[in-house]
Amino acid sequence: MLGGLVLTGCSDGGDDGKKPDGMGSTSTSAAPTKASPTTPDPTTASPPPTALPFVPDPKRAPKTEADARRIALAVVAGPDAWGPDYVKRTPHLSDPAYWPVLGADCSWGTGTRPATVLYSVTAYSEIPADGALGNLRVAATVTVHRTEADADWEMAGTLEEALRCPDQKLRDGERISDLISLGNPFGVGGNFTAHDSLGERGTYLNDAVKGKQFYGWYQSRIGQVTVATVVKGAPGYSEQEGSGTVGTVTAQVQALVTMLQRAEDELEVQS
Amino acid sequence: MSPTGPIDSAGPTDPQRGPVPTPARPEPGALQPLLSSDPSSIAGYRLLGRLGAGGMGVVYLGRTENGELAAVKVTHADQADQPDFRARFRREVEAARRVSSPWAVPVTGADPDAPEPWMATAFVAGPSLGEAVTAHGALPERSVRLLGWAVARALSAVHAAGLVHRDVKPGNVLLAVDGPRLIDFGIARATGETALTATDMVVGTPGFLAPEQAEARTDAIGPPADVFALGCLLAYAATGRPPFGTGAVDALMYRTVHDEPDLTGVPEGLLDLVRACLAKDPAARPTAAEIGVRLTEDSPAGGADWLPAPVVRTIAERSARMLALPEIDATGPGTEPTEPPRRSRRGFLLLASGAAALAVGGGSFAAWAGLKDDETGGEADGKKPAPPRTTWKIGVLADLSGPAKEIGLAQERGARLAVEQFNARKNKPYTLELAVSDDRGDPATALEAARRLTTDPGVLAVLGATSDDTAQVVLPAFEESGLPLITVSAGYNLLTVRDEESPPNTTVLRAIPHHPFAGMHLAYAVTLLSAIRRPGVLQERTDDQYSWQLVRGVQFAFGQAGLTPHFRVVPARVREYRAVLGEMIDSGMDAYVHCGTLAGAVLAARALGELRFTGPRFTGQRAFGQAFLKEAGADAEGWFFGAPVLDAVSRKEAAGFVAAHRKRFGAAPAYYTGESYDVVTMALDELARRAKAGGGPARKGLWQALRKQKYTGVMGGYTFDESGDLTNGGTFVHAVQNGAYKVIGPAPVVPADKGKRKA
């Protein structure tokens, strides 16, 4: 049954990619800092920086779909970035034309990639079901915009979705509800890893799985690139490690921050 | 190396004890006279003597113009000229200023750019743990637990500020009657400085170094190294012996890295914790915060009885000796000219213990009770019975020169008038001063501004902070010092609202609705216009915390009213609103709600004017004020504001207040002045009531008493819920008419006409 869902999800291109897996929250914002590889050297005092220590190289900024595709594929987080228990789902990468859109009825459907987006890719990973642990499905998305302002508007748009539709239908049999989405620009709410970040959290409901699960979407922006990670909860898992449940937030933040690092490597001035 | 010798000595950069001198230091902590080559003052500190000297520089005992004692550490110019020294010094001082704990001695001043960079910390007269154990032997288990709890709390604050102490040892923990104090948290300690590089000095530290420090694995030295040292410290306090022994430095290092600690004699109840701290693997050690929690049930509550009596006597003697110096008794400029301090012995102790009062900021312990005794006369056992007097104060922490200075200055005036009227009362129990600290609306300097108030034991309650971001920064300083913070303008919800796992707020009292409630009230105000069916709500991201909290309240309230708004979110940097607002109008928006700050509201007002939108326009506190009228001009007409304040001139009940304000300041009160006057008067009334009932002025219990008030002031009534938030609405609708604000009335707290709307 689960396998069937996965197959359906991936083949119709509407699975956990871009929007259909949103998440975020107030606690989201703090989390990325903790796991950040840019954590200051603890042997010296390090007051929080006042700006992201990132100097983009205009010559490296993607201008064509081909540039953007190369960068997106280099940045997007596969199972390795999530952790040792994660494996690729099949298919692992979204179709190049994949661009889900939240309809007026708060259901996700297929749309056309806007002209302001150069390229977008989603990589699907999972931890297969094992005994009492359900099938944990996660995904990472990279979107390369033409300009930083376009990427800014994508961040705003994501925040808008949770306000407009706190309850969303991902596809038949899958819903998310009670969504709350909070943005944190650099320096606010513990965001010291990206120009902008947001967290969207809510409840994940899957007809094939008993009970309510958690749902979390973290999205960050660096320059003209946005990266996002999403986790759809499954039995035996919780966001924070609990008594008897496996925590997912560390892996989710790690995947997010890994993508931010990779994006910086792709875009910044090389010394 | 004897077990006691090294421990008594301070490290090379200890600001209290000094860059350590010679092995033959006669009396640890004793004050040496100034040398003829010493300056008589540094910055605002008058120097009274030398606390220590060494290769790095000199540590002086100094006194501020206010009479506060400070340890002033001056670094020799040649040291300061080493590469990166000043930059590192500056960075670390900034970080140290973020350390907020009653158990860590605060940095009170610094100048990294002086020819000889200096830094001042509050002065603690008590003996070090090393001195106390040397003189009196191991401490009882309860003392050790309390010691561990407090030092762990201090370390937790140090680590939270991004610092690693790197030299936690008995010489760096000073004992005061109300608890221990950690000193010298890592300031200007040479990078990579370890016992290995320091072996040619008098080293007190090797027995207290973590393996990663002993091996000089600089990259691996982080907060866990301090935890290891804390484990050593606790074992030492409990047994009188460092757990890896004493002797040759290299052997000591080797044992630290390879051998198990000798914990013989450590009480059973502490053994697991100490052992966990001493794990060789840094990752296996508990964090300082965890240690604090594990020892928490024993936090000091009973004042001086946390230590055995002989140790307390030593503290008292030390304090008296330090403070009996003639120069210290002389009245310095700026200290109460009318009442030269004549100090009893008890006075000395109190003043010293509170180095105490200075650091704890009048917290909950003995130092505070002591000060109260003083105020009422106490029983002085010296010759001259008049004890030192404390000047009692009401504080104002406000943005007086930054982005919200209009609001900050208005609040200062309200508080000033309230205090002056209190002092004019015939039956006043004592005279109060107003202590004003300008936080400049800058989160980077707000904590320092707050500490000027929280570390002054005479300050009983503070009006402030003006803005959300500064309030968030200063909150820990107020929480740690038990000083009530009353705000009439900071609506950020988490100042008062806590999650279930956190202890409830007992510090902030908020006389306005928090932003989510303000958002609700704003949306309910929209529902007063019964024709509205499709409100457009725009969240503008210049200040996400504010706009998000407001929009969440709006979203909830429209949901309650059965309305489905059209939401849009715009990035912070956007200057062009016409496209978004045009889309909202095209989608059928019949009222506009702006969730954002002033600049965005002005842009929206202009764009809506250009688009000839005719529906009503609403926004909240952060756009309210004279600036909106000025900047939006004609486009301001027809806007409605949900603001947490009223115009005093519009209220009959406030006529007396308005007249007094005009007389005092030559102008009508501005927004926020009346509310400030009200809440300060409410606090003063409570203090007067307490005095009448025989209670001395004290911070303790004041928040709890204020929270229960049902107070009616000139601007209206104030009641508070258990978390310290206003309970009775508190949002007022203002309309812009002919270029001015006109009060419409209180915003509803439920949807208007809900039934009809559902249809």
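Chain A has a mean pLDDT of 84, and 82% of its residues reach 70 or more; pLDDT is the predictor's confidence in each residue, from 0 to 100. Over residues 1-46 of chain A the pLDDT is below 50, and this stretch has 139 contacts in the model beyond near neighbours in sequence. Two residues count as in contact if their C-beta atoms, placed from the backbone, lie within 7 Å. This is a predicted model, in which local features need pLDDT of at least 70 and side-chain atom pairs count only at pLDDT 80 or more, while totals for chains, interfaces and linings use all residues. Residues are numbered from 1 along each chain as its sequence is written, and chains are lettered from A and ligands numbered from 1 in the order in which they are written.

**Chain B at a glance**

- The secondary structure of chain B comes to 27 helices and 22 strands; helices (H or I, at least four residues) and strands (E, at least two) are DSSP runs, numbered from the N terminus.
- Chain B has 759 residues, and 58% of them are buried. A residue is buried if 20 or more other C-beta atoms lie within 10 Å of its own, exposed if 12 or fewer, and partly exposed in between, with C-beta atoms placed from the backbone.
- Of the contacts in chain B between residues at least 6 apart in sequence, 72% join residues at least 24 apart.

**The seven-strand sheet of chain B**

- Seven strands of chain B form an open sheet with mixed pairing, in the order β15-β14-β16-β17-β18-β21-β22. Two strands pair if DSSP finds at least two bridges between them.
- At the edges stand β15 (566-570) and β22 (740-746) of chain B; each has a single partner strand, so one side of each is left without a neighbour in the sheet.
- From one strand to the next, the twist averages 25°. Axes are lines fitted to C-alpha atoms, for helices over the stretch in contact, and angles run from 0 to 180 degrees between N-to-C directions.
- Strands β18 (residues 639-643) and β21 (residues 732-737) of chain B run antiparallel and are joined by four bridges. Here B:Phe641 has B:His734 in β21(B) as its bridge partner.
- Helix α22(B) packs on the sheet, where it touches β14 (535-540), β16 (591-595), β17 and β18 of chain B. The direction of α22(B) makes about 160° with that of β16(B).

**The five-strand sheet of chain B**

- An open sheet with parallel pairing has five strands of chain B in the order β10-β9-β11-β12-β13.
- Its edges are β10 (432-438) and β13 (508-510) of chain B, each with a single partner strand, so one side of each is left without a neighbour in the sheet.
- With direction ignored, neighbouring strands of this sheet are turned by 25° against each other on average.
- Strand β12 (residues 485-487) of chain B runs parallel to β13(B), and three bridges join them. B:Ile486 has B:Leu509 as its bridge partner in β13(B).
- Lying across β9 (392-398), β10 and β11 of chain B is helix α17 (residues 443-454), which runs at about 165° to β10(B).

**Helix packing in chain A**

- Two packed helices are described by the angle between their axes and the distance between the axes.
- In chain A, the axes of α3 (residues 65-75) and α6 (residues 249-267) come within 9 Å and cross at roughly 140°.
- The contact involves A:Ile71, A:Ala74 and A:Val75 of α3(A), and A:Met259, A:Arg262, A:Ala263 and A:Glu266 of α6(A).

**Backbone spots to look at**

- A:Thr90 and A:Pro91 are joined by a cis peptide bond with omega of about -5°, and A:Pro91 is found in strand β1 (residues 87-93) of chain A.
- Another cis peptide bond runs from B:Gly464 to B:Ala465, with omega near -15°. B:Ala465 has its place in the loop between β11 (459-463) and α18 (468-481) of chain B.
- B:Arg166 has a positive phi, near 75°, in a residue other than glycine. B:Arg166 is buried, with 26 other C-beta atoms within 10 Å.
- B:Arg612 is not a glycine, yet its phi is positive at about 55°. B:Arg612 is exposed, with 7 other C-beta atoms within 10 Å.
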